[in-house]
Amino acid sequence: MGLIALEGMEFFAFHGFYDEEQRIGNKYGIDLTIKTDLRRAAESDNLEETVNYEILYALVLEEMKTPARLLEHLGHRIIDRVYDRFPFVQSVKVNVYKFNPPLGGICKWAKVSLEEAR
């Protein structure tokens, strides 16, 4: 088993429970960790034998373009997209961060973590 991670991805997007958040937009962060068997890729040195980081990033970018009310919903969509594209993956963990959430005080970010194994 091995881990592949894309950490610290940042996007400007239009997610949020309040209509105003979906109009103004905000900065969001994503950490994505994939658990899968890396033995074949390690032995073959062939990109087709593993999870391509560029494709992972593109999947996340596509989901970030579609507004969601809840970070939980957005995270779940990302997990589903990873499994759809890479069905051999054994587990996916995603952290979704909303920078400066509208709480009426100082808070660097709100974060939701989801993990699913198949």
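## Pocket lining

Two elements, α4 (71–85) and β4 (109–117), each give at least two residues to the lining of the largest pocket. Helices here are DSSP runs of H or I with at least four residues, and strands are E runs of at least two, numbered from the N terminus. The model is predicted: local features need pLDDT of at least 70 and side-chain atom pairs pLDDT 80 or more, while totals for chains, interfaces and linings use all residues. Residues count from 1 along each chain as its sequence is written, and side-chain values use heavy atoms, without hydrogens and water.

The largest pocket has a volume of about 180 Å³, the space filled by probe spheres set on grid points joined across faces, edges and corners. Of its 14 lining residues, F17, E21, L71, K98 and A110 are the closest to the centre. A pocket is an open set of points on a 1 Å grid over the protein atoms alone, where a 1.4 Å probe fits, with protein on both sides within 12 Å along at least five of seven lines; lining residues have an atom within 4 Å of a point.

## Salt bridges

Back to K98 and E21: their side chains also form a salt bridge, 2.6 Å from N to O. K98 sits in strand β3 (residues 91–99) and E21 in helix α1 (residues 19–24), so the pair ties together parts 77 residues apart in sequence. K98 is buried at 10% relative accessibility, and E21 is buried at 12%; buried means under 20% relative accessible area, exposed over 50%, partly exposed in between (1.4 Å probe, protein chains only).

The count comes to 9 salt bridges, each a side-chain nitrogen of Lys or Arg within 4 Å of a carboxyl oxygen of Asp or Glu.
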